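Here is a short briefing for a reader new to this structure.

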Amino acid sequence: MKIETSLQDIKKSYDSTINLVDGLKFSQKEMIRTIEFYSNSKYLNGPTDELGREKPFYQILNAICDVENTAKDLDTKDINVTSDDANHYVESWLMSKDIQVWMKNVNFAKTLNDMRDIHTRYGSLLVKKVIKKDKNGQKQLYIEMPEWKNLITDQVDIINGIIVETHWMTPVQLSKMTEWKNIDKVLEKCKGISKRIPIFEIRGEFDRATFKECDGKKTTPEDEKKFSYQLYYVAGNPTELGQKAEIDKFIPLYWEDSTERVYKYLARKPKAGRAFGVGVMEEGEEAQVWVNDAVLKQNRAMEYTTKVIGQSASKKLKGRNLLSETDDGIILEHEDGKPITPVNLLPSGGLTQYNNLITQWYNQLEKTTSAYSAQRGETPPSGTPFRLQATILQQSSSVFKVLQQELGIFITEIFEDWIMPHLASRLNREHILSYEFSPEELKEIDNKFSARYANKRAIEMILSDKIFTQEEYDQWASIADEFIKQTKSKRFIQIPENFYKNLEAKITVNITGEQRNKAATLESLTNLYTVYQSSQNDPVSTLMLSKILELSGAGISPIQVSAAISEKEKMQQQAQEQQAQQAQQAQQAKPMSLTANPV
């Protein structure tokens with residue numbers, strides 16, 4: 001079959017190396033194999049040396065991956081909906097909360113963490129759009145990351161080439177795929193419950209003749225010239241659990257023409273001539289190899305130097321053993337002028353030379369990955385200037401900020417192309433938004449709810465020709481406020497049908513406020529509060545305070561502070577007016593003396 005021949009050709013091309021330039025070869029398959037071995041602290045050529053001794057693996061790359069992951073971390077709270085139309089602010093704000101609920105339901109926080117780790121470790125991130133039923137039986141959108149070890153791709157153009165993903169299925173799982181064909185033929189080849197069936201999911205551009213042949217239809221010469229994006233599920237030979245999938249005989253299970261494209265790809269640091277990006281593992285490969293080499297030599301030197309070996313020209317001591325034949329206090333007899341002397345097995349320069357090699361390679365790894373000791377939070381050597389440490393940290397953070405920005409743009413693309421269209425029909429239905437809001441958001445919601453309830457009561461009184469006082473209006477608002485606070489920080493908001501219909505939403509990923517150290521943030525807030533207390537209430541002080549807030553990174557915007565200051569001034573003004581009104585009422589209520597001289 002044509003699809004079988006195509007799969008064989010794809011695998012043959014994937015197993016070969018490509019020339020980036022003359023003399024510089026690259027193999028995506030071998031690079032992924034290296035990453036898997038080094039991530040698990042294993043040698044590519046086995047765990048033992050030529051003499052059968054265990055080889056220690058000095059892991060240095062996983063910690064560097066953790067540093068980058070921390071530096072470019074993204075959280076679901078950083079993903080928000082915005083609108084260029086100021087009239088739709090409420091809709092965009094509530095849609096952000098609706099999307100937060102969806103992200104919680106599909107555990108999107110873990111998805112973000114997995115995307116970040118794969119992007120760091122492998123240097124290449126391939127995500128897949130998957131529609132499947134959730135625990136409630138409803139169709140739900142999930143974002144999955146296929147494992148690179150289970151993928152076969154075009155080494156020059158991953159996203160536009162053919163992608164083959166291997167799924168390992170049990171006979172029970174395969175039997176539940178009711179939409180597939182030829183399942184009985186595959187199950188007949190399975191003997192034993194430990195068998196796994198490799199299912200090859202093939203997506204890419206194929207000629208129409210390939211699809212027609214699989215569909216049992218006649219092909220024409222014109223079909224060889226017309227191409228479309230097609231999907232195939234093909235079963236390979238069942239193998240034992242953990243064994244390699246052999247691509248020799250295939251049984252087609254499912255085929256689809258003009259199917260949807262479900263992959264998106266992001267390279268961490270692209271290189272010319274290849275599609276696979278450069279990750280931390282590849283950047284640090286040389287350092288890991290030579291650090292391991294130094295550790296192996298150091299370990300062997302330790303084995304040799306810890307041996308107790310003596311030498312003597314005396315024939316009486318020939319073939320004797322100091323360890324087995326001597327004990328504390330024993331006196332050995334030797335010929336005159338032929339004493340026993342120890343053999344020095346220390347290498348030239350001593351064992352410290354290996355530590356120097358390890359340090360040199362680790363310093364090189366720090367420079368390559370920008371994961372300096374300052375970024376890792378280590379205490380600098382005594383005498384290191386503060387400004388130097390701050391400069392190193394700033395330079396390192398700027399590199400990670402670029403990588404984080406690229407990842408944020410990629411996530412935005414996923415939302416705009418996949419997630420928002422999927423959620424559009426669901427969110428435009430009438431539903432209840434249940435969400436735990438922040439204290440600032442709760443204040444705004446509760447004030448609007450209380451005012452709406454009080455206004456509703458006031459309208460009812462007016463329509464009934466009844467008179468009400470300001471005290472009654474305030475009491476209605478207070479009753480509504482107490483009622484809504486019963487749910488603590490959670491609020492239940494009814495979203496009408498088509499509430500978001502006219503909203504032209506845009507997804508933004510905030511990458512500025514995530515990397516906050518709590519201790520540093522608290523210190524910044526404390527310093528800002530001191531500055532605020534000492535500042536004067538004039539335009540110059542207000543401008544300076546706003547600029548300090550903007551540059552501090554404490555998570556408070558100048559607009560928030562300005563709004564809080566305005567609210568404080570308004571409350572003070574209301575309090576002064578209330579005091580003046582009370583004083584006036586007290587003066588009017590004061591009884592007049594009979595002896596008073598009226599003026």
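**A serine in a helix**

Ser 92 is part of helix α4, which spans residues 89-105. The model is predicted. Is Ser 92 buried or exposed? Its relative accessibility is 5%, so Ser 92 counts as buried, the cut-off being under 20%.

- Setting aside neighbours within four places in sequence, Ser 92 is in contact with Val 81, Thr 82, Ser 83 and Leu 503.

**Nonpolar cores**

- The largest nonpolar core has 96 residues.
- Which of them touch the most other members? They are Phe 108, Trp 148, Ile 202 and Phe 415.
- Helix α14, residues 386-427, gives the most to this core: 12 residues.
- Phe 108 is in contact with Thr 76, Ile 79, Trp 102, Met 103, Ile 143, Phe 415 and Ile 419, leaving aside its neighbours within four places in sequence.
- Another core lies apart from the largest one. It has 13 residues, including Leu 174, Ile 199, Tyr 233 and Ala 235.

**Helices α10 and α12**

- Helix α10 (residues 285-305) packs with helix α12 (residues 352-369) at an angle of about 170°. Their axes are 9 Å apart.
- Because angles over 145 degrees count as roughly antiparallel, α10 is roughly antiparallel to α12.
- The crossing of α10 past α12 is left-handed.
- On the α10 side, the contact is made by residues including Trp 290, Val 291, Ala 294 and Gln 298. On the α12 side, Tyr 354, Leu 357, Ile 358 and Trp 361 are among them.
- By class, this contact of α10 with α12 has 11 nonpolar, 3 polar and 2 charged residues.

Definitions and conventions:
Residues numbered from 1 in each chain as written. Predicted model: local features only at pLDDT ≥ 70, side-chain atom pairs only at ≥ 80, totals over all residues. Heavy atoms only, no water. Axes fitted to C-alpha atoms, helices over the stretch in contact; angles between N-to-C directions. Helix = DSSP H or I, 4+ residues; strand = E, 2+ residues; numbered from the N terminus. Parallel < 35°, antiparallel > 145°, perpendicular 65-115°, else oblique. Left-handed = near helix turned anticlockwise from the far one by under 90°. Contact = heavy atoms within 4.5 Å. Nonpolar A, V, L, I, M, F, W, Y, C, P; charged D, E, K, R; others polar. Core = buried A, V, L, I, M, F, W, Y, C linked by side-chain atoms within 4.5 Å. Buried < 20%, exposed > 50% of the residue type's maximum accessible area, 1.4 Å probe, protein only.
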